[in-house]
Amino acid sequence: MIQIIREMLSYPFILRAVIVGVLVSLCAALLGVSLVLKRFSMIGDGLSHVSFGALAIAMAMNIAPLKLSIPVVIVAAFFLLRLSNNSKIKGDALIALISSSALAIGVIVISRTTGMNADVDSYMFGSILAMSDEDVKLSVLLSITVLILFVVFYHQLFNVTFDESFSKAAGINVSVYNMLIAVLTAITIVLGMRMMGAMLISSLIIFPALSSMRIFKSFRFVVISSAIISVLCFMLGMVLSYQYSIPVGASVVVVNLSVLIVCSIIGKH
Amino acid sequence: MSIVECKDITIEYDGRIAVDGASFSIDQGDYLCIVGENGSGKSTLVKGLMGLIKPNSGGITIDKELTQGRIGYLPQQTESQKDFPASVYEVVLSGCIKSKGFRPFYNAEEKQRAKDNLKRFQIYDLRHKSYRELSGGQQQRVLLARALCATDALLVLDEPVTGLDPMVTAELYDTIQELNTRDHVTIIMVSHDVRMAIKSANKIMQMGQKVLFFGNTKEYINTPYAKALLGGEQG
């Protein structure tokens, strides 16, 4: 096992993928606890499809992909949150609507420009080859920002997640923190999407939180264990992906699924 | 001394007028019960008081000492709280959120306040348990303890006994009554239960979009609302 890992890390592109992957898994797991508990799991899914659309347009216009997709996805996150709270169309229907529309637009843009090729495949299902040096720098910077904000506002996020009404009455600016969650989620998704793929990135958000909730009883332990589970699952998924030549996104999801099953069984006893 | 003053407030909710021109004032130490049928605007009125919904017209003046942060609120439970993984201690401590401000951690005094409130409601032994594993009555005690971490002046409760069995309901009412009489906490409670309201509150408000009655409990007993609800017993 150690031999394999050493061999893997000797490839610079795998090393880059591991760095980005670990950081993204960590951020996704932390935010995931709040999102799952707030019943916003599907927002991750919706945002990844919006990100796919934005990426396709960035490619077509020859812009650096992250520079376009991060702002677009942040705006989308903002709208999803806003609309799912106020609108006549219920949240889940709205997310399905936005994600399929964004996907459709993305596919049309790609087929009119570069044509449906290996790129599309790697956007949909992820590729570890996608990370450039600049991506790694940006990812490290953004992930650290996400982590710091999460730690600093941990208690506020707990309040807003557990009971919005009480928090509002206590004078907490709930919409600011909801926005914070949305923006951090958007950044995390964009960073992770090209490696995990648009179809699979939301699993990084949902699985670790669900697994931890089966076993742990306090919010703090759920958060900590989600982070640990997420990073370990990513590493194991990466190794499996390397060993058996399977796409990394899919193998990480399958590892996460196995952990969830194990946690559910342990939780029952 | 009046701590909450409402002048002619009207609140629209879900596209219809839920509260229509309500005017009243609440004094320090009052125990006010807001009663009325489903959809009579009780909860909406309270949400307006708490600043959760903005009134369409009219004015709410809340004593400066109490504005935002010094009001303890016990909202109706939400769906997501039923499987929420949080320890009892975490939930109660989260009531100190306002005094914590932008400090990233709670300080010793806030932790002590949480512990005192755990003891006050006899849930100290449950503090490491998960909120989702508690019974309905225990959960309400936890939320009461949390609310009292935020304030010891004004407590606002929105149908706190929904879904509790009669024994637990009676106990919870006793606890709330004690907070009012012994600790001088001003109470505003939305309730279905007119009998209980008459028994424990000193002021009653009957809602039906408009404020149909607002005044002392003694006067309320002689209104047609009370007579209709209580049958012949009191009359």
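Which residues are linked in a network of salt bridges? Here are some friendly notes on that and on the chain contact.

1. **Ground rules.** This is a predicted model, in which local features need pLDDT of at least 70, side-chain atom pairs count only at pLDDT 80 or more, and totals for chains, interfaces and linings use all residues. Residues are numbered from 1 along each chain as its sequence is written, chains are lettered from A and ligands numbered from 1 in the order in which they are written, and side-chain values use heavy atoms, with hydrogens and water left out.

2. **The network.** The linked residues are R120(B), E178(B), R182(B) and D183(B). A salt bridge here is a side-chain nitrogen of Lys or Arg within 4 Å of a carboxyl oxygen of Asp or Glu. R120(B) pairs with D183(B), with 3.1 Å between the closest N and O atoms. R120(B) sits in helix α4 (residues 108-120) of chain B and D183(B) in the loop between α6 (166-181) and β7 (186-190), so this bridge ties together parts that are 63 residues apart in sequence. Helices (H or I, at least four residues) and strands (E, at least two) are DSSP runs, numbered from the N terminus. R182(B) and E178(B) also meet, at 3.2 Å from N to O.

3. R120(B) is partly exposed at 29% relative accessibility, as are D183(B) at 26% and E178(B) at 41%. Buried would be under 20% relative accessible area and exposed over 50%, with partly exposed in between (1.4 Å probe, protein chains only).

4. **Bridges between the chains.** R39(A) and D83(B) form a bridge at 3.4 Å, N to O. That pair runs from the loop between α2 (12-37) and α3 (41-61) of chain A to the loop between β5 (71-74) and α2 (88-93) of chain B. R39(A) is partly exposed, at 44% relative accessible area, and so is D83(B), at 30%.

5. **The wider contact.** Chain B contributes 35 residues and chain A 27, contact meaning heavy atoms within 4.5 Å. Together the chains bury about 2800 Å², 61% of it on carbon and sulfur atoms; buried area is the accessible area (1.4 Å probe) that two parts lose on being put together, summed over both. In chain B, F84(B), P85(B) and I97(B) lose the most area to chain A, together 22% of what that side buries.
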